[in-house]
Amino acid sequence: MSDILNAILERGDLAHLALFLWACAATAQAYLAMRELGEATRRLDAFVRELARFNRRCRSDS
């Protein structure tokens, strides 16, 4: 990554540097969002399993 930054700075191309930094930040944000989505899905799955278990218990009690 330092090679990329050095090449951009040597050429004095600040527009490309800004785009590169934006792309890095956007990629990091997308990664974090996908990771959180996976965790939310696991929490929802656990909730649905517990709800199904509760419903089975209620049916067997009646």
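At what angle do the axes of helix α1 and helix α2 cross?

A: Quick caveat first: this is a predicted model, with local features needing pLDDT of at least 70, side-chain atom pairs counting only at pLDDT 80 or more, and totals for chains, interfaces and linings using all residues. Residues are numbered from 1 along each chain as its sequence is written, and side-chain values use heavy atoms, leaving out hydrogens and water.

Now the helices (DSSP runs of H or I, at least four residues, numbered from the N terminus). The axes of α1 (residues 2–11) and α2 (residues 14–61) cross at roughly 155 degrees and come within 8 Å; axes here are lines fitted to C-alpha atoms over the stretch in contact, with angles from 0 to 180 degrees between N-to-C directions. That makes α1 and α2 roughly antiparallel (over 145 degrees). On the α1 side, I4, L5, I8 and L9 make the contact, meeting H16, L17 and F20 of α2 (heavy atoms within 4.5 Å).

Key:
Helix = DSSP H or I, 4+ residues; strand = E, 2+ residues; numbered from the N terminus. Parallel < 35°, antiparallel > 145°, perpendicular 65-115°, else oblique.
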